[in-house]
Amino acid sequence: MASVFIFLAASLLFIYNSTSDPSNSALPDSWMTALYLTTMVVLLVFIAISVIRAVHHLRSKRSGSRFTIRLMSAFTVLTAAPVLIVSYISMDYIGTQIDAWFDIKIERALEDSLELSEQSLKIGARAHLRDLKKTAKGLFKLNELGYPAYINSRRLDSNAEELLLLDASRRLIAFSDAKRNASSNLFSNNFPDENVFRILDSKGFYLGLEPDGKGKGGINARVAVTLQKTRWSKKYILTGLFPSSHRFASLADSVEQARGEYQELKLKNNSLKYGFRLSLLLIMLLTILFSLGAAFIYSKRLTQPISVLLDGTEAVASGDLQTKLTVHKSNDFAPLARSFNTMTSRLFDARKEREESQLQVQRQHDYLNIVLDHLTSGVITLTSDHIVRRINVAANDLLKIDGKVINQRLELAIDGRPFFTDFVTTILPFLNANKKGEWRTEVVIVQKNRRYLLLCRGAPLPHLLSGESGTVLVFDDMTEIVQAEHDAAWSEVAMRLAHEIKNPLTPIQLSAERLQYRLLPELSESSQQLLKRMTQTITQQVENMKTMVNAFSDYAKTPALHLQKIDVNNLIKDVVDLYQDIEKEIEIVLLLGNVPVIALDSLRMRQVFVNIIKNSLEAMSKQNKKHQLVISSELSGHNNIIIYFNDDGPGVDESLIQHIFDPYISSKERGSGLGLAIVKKIIEEHSGQISVGRSQAGGAQFTLSLPVTSDSQVKELI
Amino acid sequence: MLLNKLLLITLSLSLMQFFSLAWADDEIVIQKLKVTEDAQHVYQVDVQIDYNLNENMKKALTHGVKVKLNFAVTLGRYRTWWWNSTRTLTKLSYQIEYHALSKRYILVRMHDDKPVKRWNFNNLSMLLRQVGTISRYSLPHMSAAVRDGSHFLYFQVTATAETLRIPLRIQTYLKGGKYYQESEGVVWPLG
């Protein structure tokens, strides 16, 4: 840009000088025009690119683009308007200036001077013509042989450049030349042309001016005469070339030169105007383009700090707080950029702290979730509107619901969830009644012939920042604990009963036998029979009581398990073999799946299978028809082996199902009622579970679940 | 209707003829050209040129502007795959001046932009006739290779108002050669 500016200034100065003084009209050469055009093209390209870029920025709504275009427009108008006015005035001024070079008086004076010079020269030429005529007369006195010498002497006398004597056919007869000797037969450069002969023919003499052949402004006078001694004699032409005096020639040449230069300038008058105006137009265009280019550059420079600041602001608005503006000390916007950087730094720090706090809260939340999810107690948090906010894994399992109740009202979440319905129905009055205090209650739920006991506690939650309050429910499944306490009580009772009853049985039996032994000989036949019968009854009842007491004892005992690696399927087959053909009407079907070997006490598990199969067979044998007992085993997931005993017998009475595994509960007429209680006890000793229900065939279904033990666990247990 | 059409056609043809003639009057034309080879294998040129200078050139002359005439001979070689190669062989330069004091036209033979010889003529047409006749002009020696059939000589004549400075040149560029004239080129095959 600086070079373009210098170029423009130089061009303007040049035009000023050229128009001020015609002698300086060495107008810009073609290289200057080429330079003008090249500079113009470069500026045009630069401006076009700048405009396209500015419009593109405006369309893409880039920050500061509108401001830049406004500045560019303002600069353009402010620079173009004065340039146009000045250019218009300058163009008119140039025309006036160039016209001032030409003055009609000067032109006439020059023409007059030229004519004066011509006339002066012709006066001299006339004198030469008179001399030439004298020479011609002299020739008449000589014969042709004396012509060359005479002509030579006359040339020297008259200071002629050359003298030529030609005959009528323009053949050279004699000549004398200042540069050549007389014998030379070459045509002179200055051989008279056709015009000379034509005038000689008409007028008999010729007088004219000719520039000399040296090109140094010298001028000669050409004079010629026709000579004929008599009317019938030969006709000759004598012509001579006489140089003008050096001073005279110099003056004449000066006039010639001045007139020539003036005429040349006059010829160029319009062209000069045209050229200067064209040059000025080019300079004006260049100036406008230069102004535009400069306007674009400076607009961009002016708006750049603001654009950068706006870009930074947009970056901050879009979340990029690490944006830093470059601070130039020499820039007026430096304090602003520094303040911006300080602001973004503080914002960044604040956001970082907030993110760390959020992370901390999230960690605490995760921590709480993990704790809650690994609690065996069920936990549910509710809002004051009974909307479920959180429910842990244990609560899901205990209440047999999935997590989809979150953000639902308790009252609305119970649909299709019978267990949850019973739970909610029980606790809802407590929730409504104790919104600000703690409470606890037992929830008894009977589902699918099983009784569950949950101990539920409620406590109000503190108010959150959002103003929300609510209740936390914590509940535990007490079913197993109560059952265990129940079983323990039964064991204690059984053990005490066995101990208290068993002790007197032997003396009673011995006393009865002694009574029979002592009294039998002393009694009559009939009395003996009565005594024997009574004694037998006592002995038999004592035996029965012993059996019963032993059963109690067995139930109460908790002998250590002798675990071994057992294939459950083989154990089942062994037991089934014992009963396979006992009842011909009953078919035992085995559908045993592929199950792993687990650690079991084989004797006690055999007792379990015997008890269940025996119970089933006894129940089915009461009906005189074909029956089927299907025993199947399968692996449930990788954790449990499930064994099903399905018969098509009469099944278990609904009223007994809940208590079937309690001692002294039996549907049989005979029996201690401890069989299934012992079965349950053995299964639980193996960490398993047993349940009873109705089979698809309408009979009873016993389901055993035994945990799968890994090899390492098996080794550890064994 | 038919008469109108015929009239229009006649008028158009007349105008075309007039403009073609008018245009031809302002042209520099190489009328005759002959290239001969002497016993020393030197090429000699005989040429007749009609220097029909336009009015602007003539006016420039009488206003003190010198007009430069150039008769350029170029040696070229045909190339089928690229533009023909050319080399300026020789240039015959003259300068015409008007001497207002004597009202005569001066013809100056130029060599390397320096005057070599001067003649003066009573009128321009005589001068142009004289300068337009070139007889037995010997071209510089050329190797025998130029006679292989692929070489040619190219002749062209130009007339330029010599002292023109930039404004007139700009006019020349913009207004179509008022102060510059050139003839059609003539090709003379060699070999």
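Analyst: pLDDT is the predictor's confidence in each residue, from 0 to 100. In chain A, confidence is lowest in helix H1 (residues 2-20), at a mean of 63, and highest in strand E15 (residues 640-647), at 92, helices (H or I, at least four residues) and strands (E, at least two) being DSSP runs numbered from the N terminus. This is a predicted model, in which local features need pLDDT of at least 70, side-chain atom pairs count only at pLDDT 80 or more, and totals for chains, interfaces and linings use all residues. Residues are numbered from 1 along each chain as its sequence is written, while chains are lettered from A and ligands numbered from 1 in the order in which they are written.

User: What is the mean pLDDT of chain A, and what share of its residues reach 70 or more?

Analyst: The mean for chain A is 82, with 91% of its residues at 70 or more. Over residues 22-28 of chain A, however, the pLDDT is below 50, although this stretch has 17 contacts in the model beyond near neighbours in sequence, a contact being two C-beta atoms, placed from the backbone, within 7 Å. Residues 181-188 of chain A also stay under 50, with 6 contacts beyond four places in sequence. Where pLDDT is low, the predicted coordinates should not be read in detail.

User: Why is H4(A) called roughly antiparallel to H7(A)?

Analyst: Helix H4 (residues 104-140) and helix H7 (residues 246-267) of chain A pack at about 150°, with axes 9 Å apart. That angle makes H4(A) roughly antiparallel to H7(A), since the term covers angles over 145 degrees. H4(A) passes H7(A) in a left-handed crossing. Among the residues making the contact are A:Leu110, A:Leu114 and A:Leu121 of H4(A), and A:Leu251, A:Val255 and A:Tyr262 of H7(A). By class, this contact has 8 nonpolar, 2 polar and 4 charged residues.

User: What makes H15(A) and H16(A) oblique to each other?

Analyst: The axes of helix H15 (residues 568-579) and helix H16 (residues 602-621) of chain A come within 10 Å and cross at roughly 45°. H15(A) and H16(A) are therefore oblique, the class left once angles under 35, over 145 and from 65 to 115 degrees are set aside. The crossing is right-handed. In H15(A), residues including A:Leu571, A:Ile572 and A:Val575 meet residues of H16(A) including A:Met605, A:Phe609 and A:Ile613. The residues of this contact divide into 10 nonpolar, 1 polar and 1 charged.

Key. Axes fitted to C-alpha atoms, helices over the stretch in contact; angles between N-to-C directions. Left-handed = near helix turned anticlockwise from the far one by under 90°. Nonpolar A, V, L, I, M, F, W, Y, C, P; charged D, E, K, R; others polar.
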